[in-house]
Amino acid sequence: MANLAKSIRGMNDTLPTDTPEWRAVEGHILSVLQCYGYHEIRLPILEQTSVFHRSIGEQTDIVQKEMYSFEDRNGDSLTLRPEGTASCVRAVLQNSLLQNVPQRLWYLGPMFRHERPQRGRLRQFHQVGIEVFGAGSPQSDAELIMLTRRLWDSLSITNLRLEVNSLGNEESRANYRTALVNYFSPFKKLLDEPSLARLNSNPLRILDSKNPDLQELISEAPSLSDYLDDDSKNHFIAFTKILSANNIKYTINPRLVRGLDYYNKTVFEWVTEELGAQSAICAGGRYDSLVGTMGGKASHATGCAMGLERIIELRKVQQITLSPQSPDIYVMATDDNYELLAIQTAEYLRSHIPALKTILHVSSGKLKARMKKADRTGARIAILIGADEAVAKKVTVKPLQTNKQQIMCSEHELKEILNEMLVTNG
Ligand code: ATP
Ligand code: MG
């Protein structure tokens, strides 16, 4: 056992006991996205490293310490995508998708960040990302909120809190930056290393620090809302009005600045109190300058991403997880001589009643051992084929886990008999 290969820390297998829950969650997400008219885009997992450096920002945790970057055999620097927005912008530009806007897009897939693995924080995790290009209005920000709110309902998730903020335009952020540098500079001795590094490069990110020792200092810092330009202020007011008109409760969190550099105006997070420190389930905001930064003709953009592991963990905590379903039917020959007939019966069922899950017994053994296997699968009905059945050209239908009588019938009677047994059997 000592030499068995192990997966990389923070990169987990999703086992058959868990995949039904993943499928169910993905299914809910897909139907809500379709209901709002969003289109799927599939993006590569590897990109040129420069795609992320240009977009996410040099002073972010992601670029500074979390990216899986390496040189390929040609000496090109490549990176396993840490998030999807940068790739999505790269793709819409490369494929000229912005000729027809608004473009409402979504994607789902693994993301990679070299973080300290813990509950709700992995090195390979999965995001659903939603991006809207070519719409600058508060309505398009609000649409993301209404869509995600509907998603939580569809997933039966409760008790999420919506936090919102506005980051303003470039000029208001520049003024605010100066105010923050002036505020933090006298406290250099109190700042930790990452915050010190950000003091001149990107002081807004100090507000995003999770270091508990800094929280008091941060709480006294100037508030961005005092530096907002009029356009952003009006945008934010219109945005929150739409939320209120749709019965969506929100908290304005003036410290919400988000971990990536490309945001402006609206930013938001859906947070839970039920997952410890990893509280953000979904996060996003407007990023009107990114398309231009990445070489395209300026285009409005807004979007968000949600972490599937955290959603699934939360459903576990709230006890709404789906378990794998047992098969309905277990088909077996009573001994090896009737194997071919059993295979034909199982295939008959799959052709004629595909809604039922049919398992075929595939090993030898005495009848008792075969029945034990059938019981262990949790199947509700066994179908047996032996000497008597072969002669009569019939099969025996035997309810499992109850004392009900077994019935012998011909193949074409199976549909009716099975349906009735499965319904009355509960
Ligand atoms: P956090 O503050 O928790 O590190 P973040 O701001 O880095 O989150 P985003 O880049 O906004 O996260 O990603 C959007 C969502 O993806 C998060 O709200 C979270 O649900 C999920 N997510 C981010 N990083 C991880 C991770 N390492 N493991 C699992 N889920 C993650
Ligand atoms: Mg992070």
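Where is the place of Ser 96? Ser 96 sits in the loop between H4 and E5. This report on a predicted model begins with that loop and then turns to the domains, the ligand and the strands.

## The loop between H4 and E5

Helix H4 covers residues 85-94, and strand E5 covers residues 103-112. Is Ser 96 buried, exposed or partly exposed? The relative accessible area of Ser 96 is 37%. Ser 96 therefore counts as partly exposed, because that class lies between the limits of 20% and 50%.

The loop between H4 and E5 also holds Pro 102. Val 101 and Pro 102 are joined by a cis peptide bond, with omega at about -5 degrees.

## Two domains

The protein is divided into domain 1, made of 19-169 + 229-317, and domain 2, which is 329-421. Taken over C-alpha atoms, the centres of domain 1 and domain 2 are separated by 50 Å.

Gln 319 lies in the loop between helix H11 (308-317) and strand E12 (329-333). Gln 319 is a residue other than glycine, yet its phi is positive, near 55 degrees. With a relative accessible area of 72%, Gln 319 is exposed.

## The surroundings of ligand 1

How many residues surround ligand 1? There are 17 residues around ligand 1, and the closest are Arg 113, Glu 115, Arg 121, Lys 210 and Arg 258. By type, the shell divides into 8 nonpolar, 3 polar and 6 charged residues. Strands E6 (124-133), E10 (280-286) and E11 (301-307) each supply at least two residues of this shell. E10 gives the largest share, 4 residues.

Particular atom pairs can be picked out. A nitrogen atom of ligand 1 is 2.9 Å from a polar backbone atom of Leu 122. An oxygen atom of ligand 1 is 2.9 Å from a polar backbone atom of Ala 280. The side chain of Arg 310 has an N or O atom 3.1 Å from an oxygen atom of ligand 1. Taken alone, ligand 1 exposes 580 Å², and the protein buries 91% of that.

Strand E4 (residues 77-80) runs antiparallel to strand E2 (residues 46-48), and 3 bridges join E2 to E4. Within this pairing, Leu 78 in E4 is the bridge partner of Gln 48.

Strand E3 (residues 68-71) is joined to E4 by 4 bridges, and E3 and E4 also run antiparallel. Ser 69 stands opposite Thr 79 in E4. E3 and E4 form a hairpin with 5 residues between the strands. In this hairpin, Gly 75 takes a positive phi near 85 degrees.

Is strand E15 mostly covered or uncovered? E15 (residues 395-399) is mostly covered, with 4 of its 5 residues buried.

E15 pairs with strand E14 (residues 381-385) in the antiparallel sense over 4 bridges. Here Ile 381 stands opposite Pro 399 in E15. E15 is also joined to strand E16 (residues 407-409) by 3 bridges, and E15 and E16 run antiparallel. In this pairing Thr 396 stands opposite Met 408 in E16.

Conventions:
Residues numbered from 1 in each chain as written. Chains lettered and ligands numbered in written order. Predicted model: local features only at pLDDT ≥ 70, side-chain atom pairs only at ≥ 80, totals over all residues. Heavy atoms only, no water. Domains from an automatic or database assignment. Near = heavy atom within 4 Å. Polar contact = N/O pair within 3.5 Å; in protein donor to acceptor, adjacent residues only side chain to side chain. Areas by Shrake-Rupley, 256 points an atom, 1.4 Å probe, with all protein chains shown as cover. Nonpolar A, V, L, I, M, F, W, Y, C, P; charged D, E, K, R; others polar. Pairing = 2+ DSSP bridges. Buried < 20%, exposed > 50% of the residue type's maximum accessible area, 1.4 Å probe, protein only.
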